Amino acid sequence: MHGRRDLILLAAALLLQRAHAQQGGDAMAGRLRAGGCALLWRHAQTTPGVGDPPGFSLAQCSTQRNLSDAGRAQARAAGEWFRSRGLAPRAVRSSAWCRCKDTADLAFGAHESWTPLNSSFGNAAVAPENRSLLLAGLARIPAGTFEVWVTHQVNITAFTGEAVAMGEAVVVDRDGQVVARGGFGA
């Protein structure tokens, strides 16, 4: 008897979780349509690890922690999320790290590397300068348009105070305040 009740409770919890994710996605889509904002997107799922292996090189993807198969699928699904909602970013900017560039390219087909989005892992001293550059970038986004900025968790947390999982995003207004948050699920 308890097994059936547990199944019903589990199904209800999953439906609520999906509804919450959809509401987050709907709020995110609505805010992007309004424009004058940027979506800070943490790169899609990677192979296990934290940071990059010792001696990695930005010029050689094979030396970095890269997207997993699930991450590549996640990035493609995010691109479909944008297309299905008729959302086209004015620009797609990315960290120079391969996991970010690949996320951007799989979702949107292209990106522009932008230094303030590069990982500041182990180098918190760059956070104040990056914050100024990001705010200046936000100020240049016209009303009715938005940009996608693919970056790293450490950068998003330093800029917004929020932590996001791989593949999640926050939308920030021109003041750098989080106005929406979510993922790109169904």
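Helices (H or I, at least four residues) and strands (E, at least two) are taken as DSSP runs and numbered from the N terminus. Just after helix α2, Gly-86 takes a positive phi of about 65 degrees. The model is a predicted one, in which local features need pLDDT of at least 70 and side-chain atom pairs count only at pLDDT 80 or more, while totals for chains, interfaces and linings use all residues. Residues are numbered from 1 along each chain as its sequence is written, and side-chain values use heavy atoms, with hydrogens and water left out.

Helix α2 itself covers residues 69–84, and its 16 residues reach 23 Å from the first C-alpha to the last, close to the 22 Å expected at 1.5 Å a residue (the expected span being 1.5 Å times one less than the number of residues). Its buried residues are Gly-71, Ala-75, Ala-78, Gly-79, Trp-81 and Phe-82, where buried means under 20% relative accessible area, exposed over 50% and partly exposed in between, with a 1.4 Å probe and protein chains only. Seen down the axis of α2, these buried residues fall within an arc of 155 degrees, so they line one face of the helix; the arc is that of the directions from the helix axis to the C-beta atoms. On the other side of α2, Asp-69 and Arg-83 are exposed.

Turning to the cysteines, a disulfide (a pair of cysteine sulfur atoms within 2.5 Å) joins Cys-61 to Cys-98, with an S to S distance of 2.0 Å. Cys-61 lies in the loop between β1 (37–42) and α2, and Cys-98 in helix α3 (residues 98–108), so the pair ties together parts that are 37 residues apart in sequence. The torsion about the S-S bond of Cys-61 and Cys-98 is about -80 degrees, so the disulfide is left-handed. Cys-61 is partly exposed at 35% relative accessible area, whereas Cys-98 is buried at 1%. Cys-100 is in no disulfide, as the nearest cysteine sulfur, that of Cys-98, is 9.4 Å away.
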